[in-house]
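Hi,

Here is the structure I promised to pass along.

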Amino acid sequence: MIAAPMFHSWGFAHFTLGMALSSTLVLRRRFDPEGTLQALSSYRATVLAVVPVMLQRIMELDAATLARYRTPSLRVIAASGSALPGELALSVMDHFGDVLYNLYGSTEVAWATIATPADLRIAPGTAGRPPFGTIVRLLDERGRDVPQGMTGRIFVTNGMLFDGYTGGGGKEVIDGLMSTGDVGHFDDGGRLFIDGR
């Protein structure tokens, strides 16, 4: 089920991936927290693609409404598009099970990191670790790597970096890595945390 907006790369990516895999897609005209739960239950959806505010709105439903809809088929809740607060991640997993994945990236660099349910249990609020084929480095203002645990500018490389904006220009590139425009730090487990822009 794709609840994430289709005009955004996150929703559209799930749509195109689902089409390529010949998956059944469940779409609704507008997001409605209870309607989303009803559709998840009725269609026995295995994946739910959302932005974090949608999860917040679902978890704000009263306990009786949340309990009304059974979702045992749900194997993945994929969240991206904005920061996923740690307390929200924990409450979602406490209700739906350890099926929540948090993806951090941007239109310019595609994905940068993915937090698994285990990552989110150990380090709520993390953006996760770089997936295979992606390199993330934290650089200072001079383009040098910052020490472990220190905040630095986030730079990413993978096979999906964009070529530039249609109006010209692009993001800063250092050693083949592109800036996301965000700053963050890695914890001792190699998990990225976003500290700001």
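Before the charges, a quick convention: Lys and Arg count as positive and Asp and Glu as negative, while His and the chain ends are not counted. The place of a charge is NZ of Lys, CZ of Arg, CG of Asp or CD of Glu. On that basis the protein chain has 17 positive and 19 negative charges, and their mean positions lie 7 Å apart.

Two housekeeping points. This is a predicted model, so local features need pLDDT of at least 70 and side-chain atom pairs count only at pLDDT 80 or more, while totals for chains, interfaces and linings use all residues. Residues are numbered from 1 along each chain as its sequence is written, and side-chain values use heavy atoms, with hydrogens and water left out.

Overall picture

The protein chain has six helices and nine strands; these are DSSP runs (helices: H or I, at least four residues; strands: E, at least two), numbered from the N terminus. Its radius of gyration is 18 Å, close to the 16 Å that the globule rule gives for 197 residues, so the chain is as compact as a globular protein of that length. For that, the radius is taken over C-alpha atoms and the rule is 2.2 Å times the number of residues to the power 0.38. Along the principal axes, the C-alpha atoms fill a box of roughly 55 × 35 × 25 Å.

Of the 197 residues, 44% count as buried (buried is under 20% relative accessible area, exposed over 50%, partly exposed in between, with a 1.4 Å probe and protein chains only). Among contacts (heavy atoms within 4.5 Å) with a separation of 6 or more, residues 24 or more positions apart account for 54%.

The cores

I looked for nonpolar cores, meaning sets of buried Ala, Val, Leu, Ile, Met, Phe, Trp, Tyr and Cys residues joined through side-chain atoms within 4.5 Å. The largest has 35 residues, and Leu55, Ile77, Phe96 and Leu100 have the most contacts inside it. Elements that each supply at least two residues of this core include helix H2 (33-43), helix H3 (52-59) and strand E3 (100-106). H5 gives the most, with five residues. Leaving aside residues up to four places away in sequence, Ile77 touches Leu48, Val50, Leu55, Val92, Phe96, Val99, Leu100 and Tyr101. There is also a second, separate core of 13 residues, which includes Val109, Ala112, Ile154 and Leu192.

Met59 sits in helix H3. Met59 and His95 are 36 residues apart in sequence but 8.7 Å apart in space, C-alpha to C-alpha. Not counting residues up to four places away, Met59 touches Leu66, Leu88, Ser91, Val92, His95 and Phe96.

Gly190 is in the loop between strand E8 (177-186) and strand E9 (192-196), and is partly exposed at 28% relative accessible area. Gly190 and Pro130 are 60 residues apart in sequence and 8.9 Å apart in space, C-alpha to C-alpha. With residues up to four places away left out, Gly190 touches Gly128 and Arg129.

Arg44, not a glycine, has a positive phi of about 50 degrees; Arg44 is in the loop between H2 and E1 and counts as exposed at 62% relative accessibility. Ala110 also has a positive phi, near 65 degrees, but is found in strand E4 (residues 110-115) and counts as partly exposed at 22%.

Cheers
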